[in-house]
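Hello,

Here is the structure I promised to pass on. Please open it first, then read the notes below.

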Amino acid sequence: MTSKELLISLITNLSLGIIKVIGGFFTNSKTLISDGIHCLSDMCTDIIGIIGTKLAKKKPDKEHPFGHGKIEYVTSMLMSIFIVLLGITCVINSFKSTTNDTNAIALIILFFCILVKLILSSYLLQKGKKLNNSILITNGTESRYDAYSSMFALLFIALSLINPNNKIINYDIIGSVIIGILTIKIGIQLFIRNIQSVIGEIDTDTNRQEILKDLILKNKKISIKRLTILKYGHYESVIIDLFVSPKMTIKESYRIENKIKTELKKDERIKYVTISYAPKETI
């Protein structure tokens, strides 16, 4: 269940955010506090993801005969917009920051949080690819880049400790701007990817197409004119155009169709199969 993975992400982000903010206050590290607030803001995308997953699993209705799976893409777009806004806010606020007077405990706290965040992102990406779920993939990607941005925070906290009295270079500003730009970049990339999915995306994996074709062509009385795999969030619709003999009876074509649908739907991602026929003299 996608909601389970997102709930784990939500709890993890809440815990890490609290640790960073409290640790920032105790170590007098403004960078750590800012990174903690950034981490807490990730909870918003988790909440959006949970809501989107629930809506995407609504049963098909008269207006949406193929279900509501594409809500996943819309939800992911909202998450992407949030990431971009977060990056812009990070860049703007970076010029309002002041010099940090922190200590080494901030480095230990941040290192621990980065490690946890990398584990979380790997878990979400693995589950997202396994379940073919765009929300988990988007959430996992965001978590991965959040860990990378925390690495920059780690670097600039370390530089502040090494050279605390530097009046020429403001490490806070440099680090925050870089983190903000990276955040904006990944947000835009995710937004473009999900826009393409909303417009209408097909599975272009040639290996998978060949596997499906082999299953279909177990029946020697047919040949494939066209095979299209349409993505609907965490599930897919397969459209097949077949060449059949003009002498084939309706009863026989119906039997072949049911057999093909049964075989293809053994793949958990395939929820709908539509088959059409065209006559061909020689099969």
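**Salt bridges and surroundings**

Start with arginine 255: it is partly exposed, with a relative accessible area of 44%. Bear in mind that this is a predicted model.

Arginine 255 forms a salt bridge with glutamate 252. The closest N and O atoms are 4.0 Å apart. Glutamate 252 is buried, at 18% relative accessible area. The cut-off for buried is under 20%, so 18% falls on the buried side. Both residues sit in helix α8, which covers residues 250-264. They are three residues apart there, so about one helical turn separates them.

Helix α8 holds another such pair, glutamate 257 and lysine 261. These two form a salt bridge, with the closest N and O atoms 3.0 Å apart. They are four residues apart in the helix, so the separation is again about one helical turn. Glutamate 257 is buried, with a relative accessible area of 17%. Lysine 261 counts as partly exposed, at 23% relative accessibility.

Next comes lysine 266. Its side chain meets that of glutamate 263 in a salt bridge, at 3.3 Å from N to O. Salt bridges with shared partners join Lys218, Glu263 and Lys266 into one network. Lysine 266 itself is exposed, with a relative accessible area of 59%. Exposed means over 50%, so 59% qualifies.

How many salt bridges are there by this rule? The count comes to five.

**Two more residues to look at**

Serine 253 also belongs to helix α8. Is serine 253 buried or exposed? It is buried, with a relative accessible area of 14%. What does serine 253 touch, leaving out residues up to four places away in sequence? The answer is Met248 and Tyr277.

Now move to strand β1, which spans residues 222-232. Threonine 228 is found in this strand. Set aside its neighbours within four places in sequence. Threonine 228 is then in contact with Ile202, Ser237, Val238 and Ile239. Take isoleucine 239 from that list. Along the chain, threonine 228 and isoleucine 239 are eleven residues apart. Their C-alpha atoms are separated by 5.1 Å.

For a quick look, begin with the pairs in helix α8: arginine 255 with glutamate 252, and glutamate 257 with lysine 261. Then turn to the network of Lys218, Glu263 and Lys266. Finish at threonine 228 in strand β1.

Best wishes

How values were computed
Residues numbered from 1 in each chain as written. Predicted model: local features only at pLDDT ≥ 70, side-chain atom pairs only at ≥ 80, totals over all residues. Heavy atoms only, no water. Helix = DSSP H or I, 4+ residues; strand = E, 2+ residues; numbered from the N terminus. Buried < 20%, exposed > 50% of the residue type's maximum accessible area, 1.4 Å probe, protein only. Contact = heavy atoms within 4.5 Å.
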